[in-house]
Amino acid sequence: MIRISASILSADFARLGEQIAEAEQGGADYIHVDVMDGMFVPNITAGPVLVNAARRSTSLPLDVHLMIEKPERYVEAFREAGADILTVHYEACPHLHRTVQRIRELGASPGVSLNPSTPLSALEEILDYVDLVLIMTVNPGFGGQKYIDTMTAKIARLRRWLDERERRPVLEVDGGLNPETAPKAARAGADIIVAGAAIFAADVPVGAAIRRLREAIALKQG
Ligand code: DX5
Ligand code: ZN
């Protein structure tokens, strides 16, 4: 079954603990925290303090997406704050292999993410070392953006590539996923769907929004 990672970027930060609890009760599988530095992406969001606040609000695994330059400077701090999965961007991390190894040494699961314009071939030498590949389906930086349709074929190509391998990291997708677009990503082979606006800025409560997302995916897959 497809897993859902609820991105708190669109949550009400004044009620963060409650919003995370609603996502947990509503059936989210992970809490996704978007860390942005105003350099790698044109927005600034959360640091270790916020990850730690999320940690104290849930027993779900924290899926921490680092959209920051030279993430190796901060992986330890985010791990100490309570991150379970630490995903770094290929484009932001010149010593990717070292950073991924470091994340594992710290006891977290390493992930690598690709921007929409980065080809899958960038993964070639790192796939053996990561537990997760995160395919961006928007240009990272903001919640509530539109799903880039050509990414569906990229997800499908990665799915075929992973299926040929013995050791298979999980395939996560992130950006613009809602009841209309998430089924496309799921059918193309995503294991984990990240959703922010579709969960925390929907016209229904958080739990209902998560159910609606799952139902849309099940319907189109069945
Ligand atoms: C975008 C972030 C996403 C974002 C997804 O840069 O990485 O995780 O929060 O939000 P939606 O689902 O609203 O596109
Ligand atoms: Zn994200």
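His32 (NE2), Asp34 (OD), His65 (ND1) and Asp174 (OD) coordinate the zinc ion (ligand 2) at 2.0 to 2.3 Å, where donors are N, O and S atoms within 2.8 Å of the metal (3.2 Å for Na, K and Ca), and sites may look incomplete as water is not among the atoms. This is a predicted model, with local features needing pLDDT of at least 70 and side-chain atom pairs counting only at pLDDT 80 or more, while totals for chains, interfaces and linings use all residues. Residues are numbered from 1 along each chain as its sequence is written, chains are lettered from A and ligands numbered from 1 in the order in which they are written, and side-chain values use heavy atoms, leaving out hydrogens and water.

**Zinc site**
- The zinc ion (ligand 2) has an octahedral site, with angles of 72 to 169° among its six donor atoms (six donors count as octahedral if opposite ones are over 155 degrees apart and all others between 65 and 115).
- Along the chain, the donors of the zinc ion (ligand 2) are spaced H-x1-D-x30-H-x108-D.
- Distant parts of the chain get linked here: His32 sits in strand E2 (residues 30-36) and Asp174 in strand E7 (residues 170-174), 142 residues apart (strands are DSSP runs of at least two residues, helices of at least four, numbered from the N terminus).
- His32 and Asp174 are both buried (under 20% relative accessible area, 1.4 Å probe, protein chains only).

**Thr99**
- Thr99 belongs to helix H4 (residues 96-105).
- With a relative accessible area of 1%, Thr99 is buried.
- Leaving aside residues up to four places away in sequence, Thr99 touches Glu72, Val75, Val88 and Cys93 (contact means heavy atoms within 4.5 Å).

Notes:
Tetrahedral: all angles 85-135°; square planar, octahedral: opposite > 155°, others 65-115°. Buried < 20%, exposed > 50% of the residue type's maximum accessible area, 1.4 Å probe, protein only.
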